[in-house]
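Have the structure open as you read.

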Amino acid sequence: MTDRLRFAPSPTGYLHVGGARTALFNWLYAKHYGGEFLLRIEDTDKARSTDESTRAIFEGLEWLGLNWDEDVTYQGANLERHQRDARLLLERGKAYRCFCTAAELEQRRKEAESRKEVFRYDGRCLLLGTEEIERRVASGDPYTIRFRVPGGSTSWNDLVHGEITFPNKDIDDLVVLRSDGTPIYNLAVVSDDIAMGITLVMRGDDHISNTPKQIMLYEALGAKLPTFAHLPMIHGTDGKKLSKRHGATAVGDYQHMGILPETMLNFLALLGWSPGNDIELMSMDEMVQLFSTDHLLKKAAVFDPVKLDWMNGQHLSRASAERLLPVVVAGLGKTGLATPKDVEQRRSWFLSLIDLLKVRSRTVDDIVRQSAPYLRDEITYDADAVAKQWKDRDASARMLAAVRERLATATDWSPAALEELLRQLAESLGVGAGKLFQPLRLALTGQTVSAGIFDVLQVLGRDRSLDRIDAAVRFITKRDAA
RNA sequence: GGCGGUAUCGUCUAGGGGCCUAGGACACAGCCCUCUCAAGGCUGGAACACGGGUUCGAAUCCCGUUACCGCUACCA
């Protein structure tokens, strides 16, 4: 039998990195072992659920390429079945009507607290006689349906933790259906997982304590138990549960920072899992191939954005310019450096630009930022660089003029040919290469940091390069006069 | 408080009784390469929470302590 797994987020915010990690592991399992990966939106909490959040979850999953099988299930659409299951529990004597109101319960909870005791539901409504129950139901008293936790203990063999056991006496009789007829989380989950035929429940380990309750529900409903796998949490750099104050927590935030989806997936995969053999950089296919439940970790992991950046730099270096083009174009458009149409007209030129920049970038935004000198008509000179590289104005102007003169003689505008040309010039001038290249770099890009100078010349092209040197010479001499 | 879970460099992790004077990666420092910046290469500092067992032998197995996390709702 092939396994059926699901990712079941509640649409109360964006797709969180923790949620994305859980979705990824479910997906990897399904791809590696062969199985179906389903998506269920847990929107039973109408007050907090929004369509916008649901859309954000879809977008996040799509961006990551975590495609799901079959149609999306909306938990809210299964209200009738949830109610039916609750009735079934009632009929089978596995649950009972509780007429205690929320206010009364709250009152008793407070009283227990003032006595420094822990409030536990005392099961008083279990003692109600049949006649009284019928009378109160007939008179329209509101009631909840409470699951009657049996004696003994509940245990299961967790795929990541091994055997876990809970003494049932520590678990309160839990409400499964509210007085307004809507289901409580644990019932809705179990009811849906049964209906969807889920065979492996893989989720965050914050659900470990819910598991015995759910197992009892499965048993009371007479359903076959799925296998459970509880994944470790992801924490912020301070070791606390990842939240807003740690900065970006939504996968969309990282997308907008210029992180590649393949990086996000690779990075998330290593939080709670390791392929062993010191392997770190993986493509999606490699992850699918390497994934195994044997190496799932139990310990919570800290999300380190610095390592994420490094990893993105690695993926950027390895990605083809062709693959990077669409995301770079989007970034270029956003900053107004180039339009998609510009790119279309000089596609191969843009590709070579990307090849030049990707290796020295950590994010797509870095590529966009660094492409400015190659795309803008006017460049501005970095003041510190001017002070340093063009300190001796007279000499600098003369040297640049000499460079220009020599470049103008070039018949082959390739990096190799240009290198030969300029190195010869440096030699005849009796200066070191750096003495020549740095002032030139400043003239060409306005900065002292860039790709190799010969590549810069090539990407800029002959005319633009010569124009920039002319402009630099004018700039220097003008300052001289002033 | 009760119950449950977890515990290897600052961080991600390898390790599943001897191969461990604990390996890799990020970050940090130094060096090399070099036209600058990256990338790359090399080197360095940096960890088995603590205490008891078990065993010829423990990071690895057991128990306890401590710390952290989660659950303990008519939230999910």
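Which element gives the most to the lining of the largest pocket? That is α1, with 4 residues. This is a predicted model, in which local features need pLDDT of at least 70, side-chain atom pairs count only at pLDDT 80 or more, and totals for chains, interfaces and linings use all residues. Residues are numbered from 1 along each chain as its sequence is written, chains are lettered from A and ligands numbered from 1 in the order in which they are written, and side-chain values use heavy atoms, with hydrogens and water left out.

**The largest pocket**

- A pocket here is an open set of points on a 1 Å grid over the protein atoms alone, where a 1.4 Å probe fits, with protein on both sides within 12 Å along at least five of seven lines; lining residues have an atom within 4 Å of a point.
- The largest pocket has a volume of about 1200 Å³, which is the space filled by probe spheres set on the grid points, joined across faces, edges and corners.
- Its lining has 38 residues, and Ala8, Pro9, Ser10, Asp206 and His207 lie nearest the centre.
- Two or more lining residues come from each of β1 (3–7), α1 (17–34), α6 (185–195) and β9 (200–204); helices (H or I, at least four residues) and strands (E, at least two) are DSSP runs, numbered from the N terminus.

**Around RNA strand B**

- There are 63 residues around RNA strand B, with Arg178, Glu280, Arg360, Arg441 and Ser450 coming nearest; near means that a heavy atom of the residue lies within 4 Å of the strand.
- Sugar or phosphate accounts for 71% of the RNA strand B atoms within 4 Å of the protein, and bases for the rest.
- A polar backbone atom of tyrosine 185 lies 2.9 Å from a phosphate oxygen of RNA strand B.
- Base nitrogens are approached too: one is 3.3 Å from a side-chain N or O atom of asparagine 210, and one is 3.3 Å from a polar side-chain atom of aspartate 278.

**Aspartate 173**

- You will find aspartate 173 in the loop between β7 and β8 (175–177).
- Aspartate 173 is buried, at a relative accessible area of 15%, where buried means under 20% (1.4 Å probe, protein chains only).
- Beyond four places in sequence, its contacts (heavy atoms within 4.5 Å) are Tyr96, Tyr121, Arg146, Phe147, Arg148 and Val149.
- A polar side-chain atom of aspartate 173 lies 2.9 Å from the backbone nitrogen of valine 149.

Note on methods: A polar contact is a pair of N or O atoms within 3.5 Å; within protein, one must be able to donate a hydrogen and the other to accept it, and residues adjacent in sequence count only if both atoms are side-chain atoms. Buried means under 20% relative accessible area, exposed over 50%, partly exposed in between (1.4 Å probe, protein chains only).
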